[in-house]
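These are my notebook entries from going through the model, element by element and then residue by residue.

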Amino acid sequence: MIRFLAPALLALLFSYTQQPKPSTAEKTAHVWGNCEQCKATIDKAAQVDGVEKASWNEDSKMLTVRLDTLSSSMDAVLKSIAAAGYDNE
């Protein structure tokens, strides 16, 4: 019986942990840069506490960030990027 119950409980636990938090939001902003090196720096600077994922697109100059709004803000992300030397909204 336990052999059948254990995998079901693990599957349930795994599916629960994959659910997005209600406080998670995806936001975008313009960040000016030119190249792949800029992308690496911008992506790294965007990784402040509370940011789950950050990705800057070199062509569109758009940064997409998924963050926990209870522990961080887009303003904190943009300030970090500005401190790294990149103009943004």
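**Elements.** I took helices (H or I, at least four residues) and strands (E, at least two) as DSSP runs, numbered from the N terminus. On that basis I read the order of elements in the protein chain, from the N terminus on, as α-β-α-β-β-α, that is, 3 helices and 3 strands. I note here that this is a predicted model, in which local features need pLDDT of at least 70 and side-chain atom pairs count only at pLDDT 80 or more, while totals for chains, interfaces and linings use all residues. Residues are numbered from 1 along each chain as its sequence is written, and side-chain values use heavy atoms, with hydrogens and water left out.

**Whole chain.** I looked up burial, where buried means under 20% relative accessible area, exposed over 50%, and partly exposed in between (1.4 Å probe, protein chains only). Of the 89 residues of the protein chain, 27% come out as buried. For the surface I used Shrake-Rupley areas with a 1.4 Å probe, where for residues only the protein chains shown count as cover; the protein chain exposes about 6,300 Å², of which carbon and sulfur atoms supply 57%. Taking a contact as heavy atoms within 4.5 Å, I found that 55% of the contacts with a separation of 6 or more join residues 24 or more positions apart.

**The sheet.** I counted two strands as paired if DSSP finds at least two bridges between them. The 3 strands form an open, antiparallel sheet in the order β1-β3-β2. β1 (24-30) and β2 (51-57) stand at the edges with a single partner strand each, so one side of each has no neighbour in the sheet. For angles I used axes that are lines fitted to C-alpha atoms, for helices over the stretch in contact, with values running from 0 to 180 degrees between N-to-C directions; the twist from one strand to the next averages 15 degrees.

I then went through the pairings. β1 and β3 (residues 62-68) are antiparallel over 7 bridges; within this pair Glu26 stands opposite Arg66, and Ala29 has Leu63 as its bridge partner. β2 and β3 are antiparallel over 6 bridges, with Val51 opposite Leu67.

**Helices on the sheet.** Helix α3 (residues 74-83) lies across β1, β2 and β3 and runs at about 130 degrees to β3. Which residues of the largest nonpolar core have the most contacts inside it? With a nonpolar core defined as a set of buried Ala, Val, Leu, Ile, Met, Phe, Trp, Tyr and Cys residues joined through side-chain atoms within 4.5 Å, I found 17 residues in the largest, and Val31, Ile42, Leu63, Val65, Met74, Val77 and Ile81 have the most contacts inside it. α2, β2, β3 and α3 each supply at least two residues of this core, and α3 gives the most, with 4 residues. In soluble globular proteins, nonpolar side chains tend to be buried together.

**Val65.** Leaving aside neighbours within four places in sequence, I found Val65 in contact with Ala25, Glu26, Lys27, Val51, Lys53, Ala54, Met74 and Val77.

**Trp56.** Beyond four places in sequence, its contacts include Val31, Trp32, Cys35, Cys38, Ile42, Asp43, Lys61 and Leu63. I also looked for a polar contact (a pair of N or O atoms within 3.5 Å; within protein, one must be able to donate a hydrogen and the other to accept it, and residues adjacent in sequence count only if both atoms are side-chain atoms), and the side chain of Trp56 reaches the backbone oxygen of Val31 at 2.9 Å.

**Asp43.** This residue is in helix α2 and, at 15% relative accessibility, also counts as buried. Not counting residues up to four places away in sequence, Asp43 touches Ala54, Ser55, Trp56 and Leu63.

**Lys61.** I checked the loop between β2 and β3, where Lys61 lies. Most residues other than glycine have a negative phi. In this hairpin, which has 4 residues between the strands, Lys61 takes a positive phi near 65 degrees. The residue is partly exposed, with a relative accessible area of 21%.
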